[in-house]
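This report describes how the parts of one protein chain are arranged. Please keep the sequence and the structure in view while reading.

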Amino acid sequence: MSQVIEYSEKVMDHFKNPRNVGEIENASGVGTVGNAKCGDIMRIYLDIDENQVIKDCKFKTFGCGAAVATSSMATEMVIGKTVNEALLVTNKAVMEALDGLPPVKVHCSLLAEEAIHAALWDYAEKNNITIEGLKPPVKDIEESDKIDEE
């Protein structure tokens, strides 16, 4: 017997009408993160200007509706922000912006946070800079100790 998962209107809107889908050629940073357990894969592309402001952000996600919705919301949240501000976009912030996620889908918001961090890491490596507070990316969020299904 499968359980019915209830989604907020915002989650459904971002799933049905995702923002910023696609890729950025010659992106400043690209981050890919997956979750082997559920099969979701998220790739985030960043276009960062000389003042370290994110001019554009696109995503490609293979996964469930919640993964698409969190990708879409996360891209909206980082466009126009500096790399340091983007680093502060957490999975909890993404969930709040979407008016919440069912507990079984919390990992999707974590994918969004980690994919942003992985793209920022790629940007920092390409430009030989250090972004304070940025940790090396994980490839699979199962490696992360952050998952706390609330």
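## Strands and their pairing

Two strands are said to pair if DSSP finds at least two bridges between them. The model discussed here is a predicted one. Its open sheet has three strands in the order β1-β2-β3, and the pairing is antiparallel. Because β1 (29-35) and β3 stand at the edges with a single partner strand each, one side of each has no neighbour in the sheet. On average, neighbouring strands of this sheet are turned by 15° against each other, direction ignored.

β1 and β2 run antiparallel and are joined by seven bridges. Within this pair, threonine 32 stands opposite arginine 43 in β2. The two strands, β1 and β2, form a hairpin with four residues between them. In the turn, glycine 39 has a positive phi of about 90°.

Is β1 enclosed or open? Five of its seven residues are buried, so β1 is largely enclosed by the rest of the structure. Valine 33 is found in this strand, β1. Its relative accessible area is 1%, and valine 33 is therefore buried, since buried means under 20%.

Leaving aside neighbours within four places in sequence, valine 33 is in contact with Asp40, Ile41, Met42, Leu111, Glu114, Ala115, Ala118, Val138, Lys139 and Ile141. A further distance concerns alanine 119, which lies 86 residues from valine 33 along the chain. The C-alpha atoms of valine 33 and alanine 119 are separated by 9.7 Å.

## Helices across the sheet

Two helices lie across strands of the sheet. α2 lies across β2 and β3 and runs at about 175° to β3. α5 lies across β1 and β2 and runs at about 145° to β1.

How do α2 and α5 meet? Their axes come within 8 Å and cross at roughly 40°. This angle makes α2 oblique to α5. The crossing in which α2 passes α5 is right-handed. Residues Ala66, Ala67, Thr70, Ala74 and Val78 in α2 meet Cys108, Ser109, Ala112 and Ile116 in α5.

Serine 72 also lies in helix α2. Serine 72 counts as buried because its relative accessibility is 0%. With neighbours within four places in sequence left aside, the contacts of serine 72 are His14, Pro18, Arg19, Asn20 and Phe59.

## The nonpolar core

In soluble globular proteins, nonpolar side chains tend to be buried together. In this model, the largest nonpolar core has 40 residues. Leu46, Val78, Leu120 and Ile131 are those with the most contacts inside this core. At least two residues of the core are supplied by each of β2 (40-48), β3 (54-62), α2 (65-78), α3 (83-87), α4 (91-97) and α5 (106-126). The largest share, 12 residues, comes from α5.

Which residues are in contact with valine 78, apart from neighbours within four places in sequence? They are Leu46, Ile54, Cys57, Ala86, Val89 and Ile116. Among them, Leu46 is also named with Val78 for having the most contacts inside the core.

Conventions
Residues numbered from 1 in each chain as written. Predicted model: local features only at pLDDT ≥ 70, side-chain atom pairs only at ≥ 80, totals over all residues. Heavy atoms only, no water. Core = buried A, V, L, I, M, F, W, Y, C linked by side-chain atoms within 4.5 Å. Buried < 20%, exposed > 50% of the residue type's maximum accessible area, 1.4 Å probe, protein only. Contact = heavy atoms within 4.5 Å. Axes fitted to C-alpha atoms, helices over the stretch in contact; angles between N-to-C directions. Parallel < 35°, antiparallel > 145°, perpendicular 65-115°, else oblique. Left-handed = near helix turned anticlockwise from the far one by under 90°.
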